[in-house]
Amino acid sequence: MVPITWYLILAAFLFSCGLYAALARRNAIAVLIGVELMLNAVNINLIAFWRYGDHIENLAGQLFAIFVIAIAAAEAAVGLALIISVYRNRKTVNLDELDILQG
Amino acid sequence: MPANLEEITALLPTFQQFIFVQVALFTALMALFVVLSRNLFHSALSLVGTLFGAAGLYALLEAEFLAVSQVLVYVGGISTLITFAIMLTRGMMFGATSPNNRQAGTAAIIVITLFSVLVGFLIQVPWSQTYPEIGDGQAIITSLGRMFVNEYLVAFELMALLLLVALAGAIMLARDHMIE
């Protein structure tokens with residue numbers, strides 16, 4: 001039996017990688033990739049807790065993870081459409097150069 | 001010192017642990033490639049590798065329906081979307097400019113702190129680890145389908161509505177306004 005701690009540490013590592021990508025990258029698409037990494041880390045946590053929990057017959061843990069995947073798909077679609085639209089207007093997806101709203 | 005064969009074999013990692021270490025190392029390595037690549041294409045491909053590794057982890061945790069859904073939706077859908085978006089917004093990532101912005105150093109410090117706090121906390125918690133045997137995987141998929149239309153019907157319908165609205169909005173946002 002794999003101890004649950006191993007899964008949780010891996011999920012924490014994936015979450016940290018995603019957070020770094022979302023904070024430190026210049027390209028807007030790289031930020032979205034970081035967000036997807038964070039969502040995957042959360043999913044690993046959810047499924048590990050479902051498997052090693054007390055009520056494995058309650059499938060709400062797996063259901064929650066399926067909802068997370070669906071919402072990640074919707075959010076990725078809208079985010080990428082926004083980025084494409086911004087690229088058409090401003091010819092750049094570099095987040096340092098998108099600063100019209102900055103005072 | 002272990003005296004007999006049983007004690008020695010009890011010390012060896014089980015086969016499941018060995019497989020977990022392989023899949024987890026692959027996933028973690030791919031996630032590291034995602035954040036450390038200079039080329040955005042390499043980041044996207046490493047994301048595909050990470051998603052496959054996560055699907056392998058779901059299969060290890062005996063959530064096979066989720067593993068297949070992950071491959072279909074994430075790898076087949078979202079990664080393709082990301083690759084298309086990268087190709088449609090090319091033209092500015094040539095050259096040897098760094099992929100990180102001004103706050104990359106601060107972000108690295110924050111992320112390393114967060115990871116060490118999380119791991120330091122996770123190791124100490126006495127998790128209740130029950131590991132019941134799942135006999136019939138087919139019964140799980142059947143009851144997942146039943147739960148979607150019985151207890152979690154509202155959430156299911158809302159998720160469908162969200163997907164419809166999000167995709168229609170994405171098409172509206174990304175269409176070419178020059179076609180008149």
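# A chat about chains A and B

Reader: Where is A:Lys91 placed?

Author: A:Lys91 sits in the segment after H3 of chain A, where helices are DSSP runs of H or I with at least four residues, strands are runs of E with at least two, and both are numbered from the N terminus. This is a predicted model, in which local features need pLDDT of at least 70, side-chain atom pairs count only at pLDDT 80 or more, and totals for chains, interfaces and linings use all residues. Residues are numbered from 1 along each chain as its sequence is written, while chains are lettered from A and ligands numbered from 1 in the order in which they are written.

Reader: And what about phi of A:Lys91?

Author: Phi of A:Lys91 is near 60 degrees, which is a positive value in a residue other than glycine. Most residues other than glycine have a negative phi.

Reader: Is A:Lys91 buried or exposed?

Author: A:Lys91 counts as exposed because it has 12 C-beta neighbours inside 10 Å; the cut-offs are 20 or more other C-beta atoms within 10 Å for buried, 12 or fewer for exposed and anything in between for partly exposed, with C-beta atoms placed from the backbone.

Reader: Where does B:Glu62 lie, and what is its phi?

Author: B:Glu62 lies in the loop between H3 and H4 of chain B, and has a positive phi of about 60 degrees although it is not a glycine. With 16 other C-beta atoms within 10 Å, B:Glu62 is partly exposed.

Reader: Switching to the fold, what elements does chain A have?

Author: Chain A has three helices and zero strands, so that the order from the N terminus on reads α-α-α. Its radius of gyration, taken over C-alpha atoms, is 17 Å, well over the 13 Å that the globule rule (2.2 Å times the number of residues to the power 0.38) gives for 103 residues, so chain A is more spread out than a compact globule. Along the principal axes, the C-alpha atoms of chain A fill a box of roughly 50 × 25 × 20 Å.

Reader: How many residues of H2(A) are buried?

Author: In H2(A), 20 of the 24 residues are buried, so this helix is largely enclosed by the rest of the structure. From its first C-alpha to its last, H2(A) reaches 35 Å, close to the 34 Å expected at 1.5 Å a residue, where the expected span is 1.5 Å times one less than the number of residues.

Reader: Which residues have the most contacts inside the largest nonpolar core?

Author: They are A:Ala21, A:Ile29, A:Ile33, A:Ile44 and A:Ile47, in a core of 73 residues; such a core is a set of buried Ala, Val, Leu, Ile, Met, Phe, Trp, Tyr and Cys residues joined through C-beta atoms within 7 Å. Among the elements that give two or more residues to this core are helix H2 (28–51) of chain A and helix H7 (153–174) of chain B.

Reader: What is A:Ile29 in contact with?

Author: Leaving aside neighbours within four places in sequence, the contacts of A:Ile29 include A:Ile83, B:Leu40 and B:Ile86, a contact being two residues whose C-beta atoms, placed from the backbone, lie within 7 Å.

Reader: How many residues does the contact between the chains take?

Author: The contact takes 64 residues from chain A and 72 residues from chain B. On the side of chain A that touches chain B, the largest share, 21 residues, comes from H3(A).
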